[in-house]
There are 2 protein chains.
Amino acid sequence: MPATSPDFPDRLRAAGLRPTRQRVALARLLFEGGHRHVTAESLHVEVKATRMPVSLATVYNALNQFRDAGLLREVVVAPGRSYFDTNTGHHHHFFVEPDGELHDFPSEKVTIAGLPTPPKGTRLARVDVIVRVRR
Amino acid sequence: MPATSPDFPDRLRAAGLRPTRQRVALARLLFEGGHRHVTAESLHVEVKATRMPVSLATVYNALNQFRDAGLLREVVVAPGRSYFDTNTGHHHHFFVEPDGELHDFPSEKVTIAGLPTPPKGTRLARVDVIVRVRR
DNA sequence: GCAGCATTTAGAATTGTTCTAAACTTCTTG
DNA sequence: CAAGAAGTTTAGAACAATTCTAAATGCTGC
Ligand SMILES: [Mn+2]
Ligand SMILES: [Mn+2]
Ligand SMILES: [Zn+2]
Ligand SMILES: [Zn+2]
């Protein structure tokens with residue numbers, strides 16, 4: 001994401017994670033290009049195609065750690081599986097129903113007015129807008 | 001939901017479902033009071049407390065059939081489990097994060113402006129707003 | 001280089017959900 | 001009001017996504 005060269009070992013260290021070969025390989029796939037939405041399974045398939053295969057357990061571990069470190073955000077839109085989103089900024093999603101594709105759209109153009117106040121004893125954490133569309 | 005007496009057998013027949021003892025018992029729990037958000041597991045616990053115990057498979061079958069018949073709507077807000085919502089009208093949700101509680105709020109007061117147009121070849125199906133709050 | 005701690009991994013375990021196939025109910029029709 | 005046909009229920013097995021276990025391996029700071 002920074003315009004400066006993405007030194008993945010350094011970025012992982014900065015997030016409090018040791019830059020192991022596996023985590024660096026996954027970080028490269030996740031953060032080298034533009035924003036992405038992956039599932040554990042889809043990322044596992046991708047990384048296996050690499051010279052550096054990584055176990056599925058490690059993919060799950062890394063996704064959860066990256067999320068906990070704020071490098072990823074977890075998106076739940078359909079029963080059964082989680083998506084992990086490399087875009088951690090404010091934005092919302094189109095979800096294309098039969099295929100399970102997720103697309104970002106910026107939250108800047110969207111105005112949500114008139115939201116009720118949170119229930120007693122709770123603080124607002126985030127507002128998710130999911131625009132479900134069908135082919 | 002109708003002010004008229006809720007004849008569950010008739011309502012089930014109207015939805016194209018045979019009014020079996022099990023479905024009537026579940027419909028009573030779901031539709032007799034105000035709107036509810038249940039999981040398969042929570043509804044199973046409830047119905048077991050009744051004189052008419054129902055297997056978990058039947059709870060899942062009934063929830064899926066009720067949803068397919070438009071009597072319920074499925075809500076996915078957290079990884080791992082689905083909620084089923086007796087409120088099938090337009091509305092949105094508060095999700096209380098550690099406890100997993102869902103609360104409705106009416107969509108009438110909420111204005112969402114500036115939503116981008118759906119991706120090429122898709123039609124808008126629904127817009128879900130999830131307001132995530134924490135204790 | 002080594003110790004010490006973190007990480008990886010294969011496989012087992014867990015969880016939520018669906019499937020299977022046999023027993024049982026409901027509905028239709030005579 | 002019988003059957004019979006078709007739909008439903010159920011226990012338990014199967015599945016799919018995810019997490020856990022414990023042993024092997026890898027990073028890091030000294
Ligand atoms: Mn998780
Ligand atoms: Mn379902
Ligand atoms: Zn996104
Ligand atoms: Zn609701």
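**Note on the A–B contact**

1. Strand E7 (residues 123–134) of chain A pairs antiparallel with strand E7 (residues 123–134) of chain B, over eleven bridges. Strands here are DSSP runs of E, at least two residues, numbered from the N terminus; two of them pair if DSSP finds at least two bridges between them. In this pairing A:Leu124 stands opposite B:Val133.

2. This is a predicted model: local features need pLDDT of at least 70, side-chain atom pairs count only at pLDDT 80 or more, and totals for chains, interfaces and linings use all residues. Residues are numbered from 1 along each chain as its sequence is written, chains are lettered from A in the order written, and side-chain values use heavy atoms, without hydrogens and water.

3. The sheet is open and mixed, with six strands in the order E5(A)-E4(A)-E7(A)-E7(B)-E4(B)-E5(B). Strand E5 (101–106) of chain A and strand E5 (101–106) of chain B stand at the edges; each has a single partner strand, so one side of each lacks a neighbour in the sheet.

4. A further pairing joins E6(A) to strand E6 (residues 111–113) of chain B, antiparallel, by three bridges. There A:Thr111 stands opposite B:Ala113.

5. The contact (heavy atoms within 4.5 Å) takes 37 residues from chain A and 37 residues from chain B.

6. Two salt bridges link chain A and chain B. The term means a side-chain nitrogen of Lys or Arg within 4 Å of a carboxyl oxygen of Asp or Glu. B:Asp128 and A:Arg132 meet in a salt bridge at 2.7 Å, N to O. On the side of chain A that touches chain B, E7(A) gives the largest share, twelve residues.

Notes
Helices (H or I, at least four residues) and strands (E, at least two) are DSSP runs, numbered from the N terminus.
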